[in-house]
Amino acid sequence: MEGVLIDCVQNSLRHLLYRNAIFMCERLCSEFPSEANLQLLAACYLQSNQAYSAYHILKGTQMPQSRYLFAISCFQMDLLNEAEMALCPSNEPSAEVPNGAAGHYLLGLVYRYTDRIKSAAHQFNQALSLDPLLWAAYEELCKLGSAGEATAVFGESAAECIQKQYACHDVAAPQLQSSSDDHHLVSGRQQAESVSPRHLRHLHVNNIKENSVNHNGAVFSGSAASQPNNGVHANISFYNTPSPMANQLSGVAPPPICRNMLPNGPNSSSVGADGSPRSTVKSTIQAPRRKFVDEGKLRKISGRLFSDSGPRRSTRLAGETGTIANLSGVAVPANGANHSSKYPSSSSKLGSAAFRSVTVRKGQSWSTESFTEGTRSELDDSRSNTTTTSGSSPSPDTRSSERDGSIMSIGRSSMTVSKAASGASEVLSLMKVLGEGYRLSCLYRCQDALDVFLQLPHKHYNTGWVLSQVGKAHFELVDYLEAERAFSNARLASPYSLEGMDIYSTVLYHLKEDMRLSYLAQELISTDRLAPQSWCAMGNCYSMQKDHETALKNFQRAVQLNSRFTYAHTLCGHEYVALEDFENGIKSYQNALQIDARHYNAWYGLAMIYLRQEKYEFSEHHFRKALQINPRSSVIMSYLGTSLHALKRNEEALTMMEKAIIADKKNPLPMYQKANILVSMEDFDGALQVLEELKEYAPHESSVYALMGKIYKRRLMYDKAMLHFGLALDLKPSATDVATIKAAIEKLHVPDELEDNL
């Protein structure tokens, strides 16, 4: 009975029938109460996004696997202290972290969100040392700014580790096969008279399947391997970190979006003759080339240089891309209904290990098939020989059949081991390029990151994740047209993916593409209403319409769905500042920094608030913190120079403006601020020279002509002053700028008042 119930529960989990799995597992635990069965029940609740149920079931359990599942439930419920105690009991300081690499990864997340960055980095490095293909751990290291070069992380030591894992797998395979055969052949002889041959074969194949699924789905850590194994409970360990097997099953199927699908099938990619996926992106999509100056980018600063506007949104970025931006449940149910969970997404081994272990493509994985195929001939022969005495020798056909079956069962595993070295080398070479590109992107060396991504094969470059990273890099370079192109291609490649869509919506915000932004927001909401990216896009849509209160509600909705989504907190701060609610704006930025201390535009937002409040020392401090994280941002340098100028440190301010101009020669802001500083130092000739050069970059910027009019007025050249004030008005500045310019014209012959008002 126990075996039948367990088989029913696992079959329900494979087919995502969580209600049925929970019901049958409750019957199992009632009839056969044991901690191993409680683990299975907790796993059912976790996969159905009911972490609170798993928490109460596993509270007080002691087995390593129970502690790991309990820690997952605590993490989802934001009980980080209890999660840490489960993974590292204080009364057992020498206890190993359960589940190897996955356990260290989870402990690293706990340390990260409790602001213990060094300890978190250590745990992520430990996870990578145990499983070099645990990409999520390297991703977290990149976000912490603690990642080593990808060539070292995914180098020879990683290849040796993978080969050792395959070698251990190869040794374990025949032992598992032999012990399983002996056990079932003996039981078959004992029950031959009471059980029909058909029923005997059915039970035997089911048990072999269970053993093979457990064998293929997990690599046991030292603590997990020491657990008592009751045969049918062996598959409980499917939450352990999976070995780098050939068929790492993917997560859930994408929503039924039918765009850009191949005409001969429903899949978004197909497998070519060489086994590599062919991208569905049109063949015309090539590696993007950077454009230089375009009118759209110059237009976006209009009206901001001359007046004291709100925080510049061009400094927004995606503070969370993987990890925390797309935190989801242990196994994501259909239609993405689980994005509100705080548990890492299926892109991480921690989130996907459980799902892979209970999801079987076309009924069986290759390892399972090899075991069943290898034992079927033995089953037939053992059934035919159950009535023979132990002293009788099997026929030649029987020996041949057994020998062929054992060869068949182990042959595929041996073939995989023989190819492990070359396969690991190929995978790691790909990981080196992806890892280095992502590392450079997190360090805001965006042009270097773009160059690295261009080294990828065409089929990997034209995938949703890579194109999203390319779009983010162009976004940080304030190259919105190229960023829009990359994100648009990412939507074509993966129309069901929400990776980077919050940044895509901000790109459309800067390009003033209100129709496209509205369409994107509606599309994302229809794809997944419980994803924070969807509500960030909706909030940007309202913000473009100057409906800041509604935009704020949408951003707050994103925070409610995922309290660790850093970018949503920052966007809330921007809207509070637009509403001149500086107190709540400061709180929002501080919340963002509590989640991710390297989210530089939260530091920038705080600095802009202090700048507007004329708290220049605080402003300088926060601008320097932002610049320390992103040392290549021309915008941060410009405003840091402005703070230094307000503190009467003009020489330092000029030096900073020169650095900002060199960092981005297409950014007119530092040139304009440099001219302002020169005017305050009464270097009118130098200021006019800078402004004449600036006119070439921004010929339609009214504030440039207004400042030139002010300089000519100071030099008593009233005709030229009037000419430039008129040119500034002809360029249709904002209402505030119009009032300021008209006041300057009215007081053209009153130098002191002109100085005060301009």
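Start by selecting Cys 541: this residue is buried, with a relative accessible area of 12% (buried is under 20% relative accessible area, exposed over 50%, partly exposed in between, using a 1.4 Å probe and protein chains only). Before you click on, bear in mind that this is a predicted model, where local features need pLDDT of at least 70 and side-chain atom pairs count only at pLDDT 80 or more, while totals for chains, interfaces and linings use all residues. Residues are numbered from 1 along each chain as its sequence is written, and side-chain values use heavy atoms, with hydrogens and water left out.

Staying with cysteines, how many disulfides does a search of the whole structure find? The search comes back with zero, a disulfide being a pair of cysteine sulfur atoms within 2.5 Å. Now pick Cys 29, which is in no disulfide: the nearest cysteine sulfur belongs to Cys 25 and sits 4.5 Å away. Cys 29 is buried too, at a relative accessible area of 12%.

Next, select residues 135-144, which make up helix 9 (helices are DSSP runs of H or I with at least four residues, strands are E runs with at least two, and both are numbered from the N terminus). Helix 9 is mostly covered, with ten of its ten residues buried.

On to the salt bridges. Side chains of opposite charge can pair when their charged atoms come close. A search of the whole structure turns up 19 salt bridges, each a side-chain nitrogen of Lys or Arg within 4 Å of a carboxyl oxygen of Asp or Glu.

Zoom to Glu 482 and Arg 485, whose closest N and O atoms are 3.9 Å apart in a salt bridge. Both lie in helix 22 (residues 480-493), three residues apart, or about one turn of the helix. An α-helix has 3.6 residues a turn, so residues three or four places apart point the same way. Glu 482 counts as buried at 2% relative accessibility, whereas Arg 485 counts as partly exposed at 33%.

Now show Glu 484 with Arg 516: this salt bridge has its closest N and O atoms 2.1 Å apart. Glu 484 is in helix 22 and Arg 516 in helix 24 (residues 514-527), so the pair ties together parts 32 residues apart in sequence. Glu 484 is buried at 12% relative accessible area, and Arg 516 is partly exposed at 34%.

For the next pair, select Glu 580 and Arg 612, a salt bridge with closest N and O atoms 3.9 Å apart. Glu 580 lies in the loop between helix 27 (566-578) and helix 28 (582-595), and Arg 612 lies in helix 29 (residues 600-612), so this pair ties together parts that are 32 residues apart in sequence. Is Glu 580 buried or exposed? Glu 580 is exposed, with a relative accessible area of 57%, while Arg 612 is partly exposed at 24%. Then highlight Glu 620, Arg 624, Arg 649 and Glu 652, which salt bridges with shared partners join into one network.

Last stop: select residues 566-599, where the end C-alpha atoms lie 8 Å apart and the span is 79% helix and 0% strand.
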